[in-house]
Amino acid sequence: MYEPWVTLTLSISMGVCAAYRGGEPERLAALLLITSIVAYSASRILFGDPGYYTVYPGGMIIDFWLLVALVWVALRANRGWPLVVGALQIVIMLGHISKLVDSYAARKAYWAMTHLPFVVQMAVVIAGCWAHDRRRRRIGQYLPWRPA
């Protein structure tokens with residue numbers, strides 16, 4: 001079903017794409033997503049992996065922090081793709097909340113709501129880097145952030 005090499009491959013691709021083809025919003029979103037991967041890995045090493053039987057508090061805290069940061073990027077960036085990334089992060093948080101409400105919820109649904117959107121988020125950042133590069137080539141430099 002889901003293999004860790006998918007996350008690793010996408011995260012490396014996203015980081016390289018953002019570094020070489022992306023503007024400030026693409027680089028910031030890539031940095032946030034890669035930082036969350038590192039934070040998840042560190043928390044699982046320190047506190048263990050509870051599986052999908054219970055809500056993972058470390059993951060929920062990391063995902064909430066990521067939600068705040070990605071929605072900030074979505075509201076400030078002069079791009080459309082951050083709205084998709086922020087919306088997917090909301091789906092991830094809804095997965096945690098639904099598991100809190102009903103602890104006997106289907107484990108596969110919890111996994112699907114908390115892990116699959118993350119993979120899509122990385123793909124959207126890569127697509128955003130590509131779109132930014134095309135737009136920059138077509139019209140030249142433009143503001144990375146909306147005016148305050």
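A nonpolar core here is a set of buried Ala, Val, Leu, Ile, Met, Phe, Trp, Tyr and Cys residues joined through side-chain atoms within 4.5 Å, with buried meaning under 20% relative accessible area (1.4 Å probe, protein chains only). The model is predicted, so local features need pLDDT of at least 70 and side-chain atom pairs pLDDT 80 or more, while totals for chains, interfaces and linings use all residues. Residues are numbered from 1 along each chain as its sequence is written, and side-chain values use heavy atoms, leaving out hydrogens and water.

**View 1. The largest nonpolar core, with 23 residues.** Leu-33, Leu-70 and Val-125 have the most contacts inside this core. H1, H2, H3, H4 and H5 each give two or more residues to it (helices are DSSP runs of H or I, at least four residues, numbered from the N terminus). H5 gives the most, with six.

**View 2. Around Leu-33.** Setting aside neighbours within four places in sequence, Leu-33 is in contact (heavy atoms within 4.5 Å) with Met-14, Leu-66, Leu-70, Phe-118, Gln-121, Met-122 and Val-125.

**View 3. Ser-11 in helix H1 (residues 4–21).** Ser-11 is buried, at a relative accessible area of 10%. Its side chain reaches the backbone oxygen of Leu-8 at 2.9 Å. Not counting residues up to four places away in sequence, Ser-11 touches Ile-34, Ile-37 and Met-122.

**View 4. The buried residues of H4 (residues 81–101).** Among them are Trp-81, Val-85, Leu-88, Ile-92 and His-96. What covers them includes H2 (24–47), H3 (57–76) and H5 (107–139).

Key. Buried < 20%, exposed > 50% of the residue type's maximum accessible area, 1.4 Å probe, protein only. Polar contact = N/O pair within 3.5 Å; in protein donor to acceptor, adjacent residues only side chain to side chain. Expected span 1.5 Å × (residues − 1).
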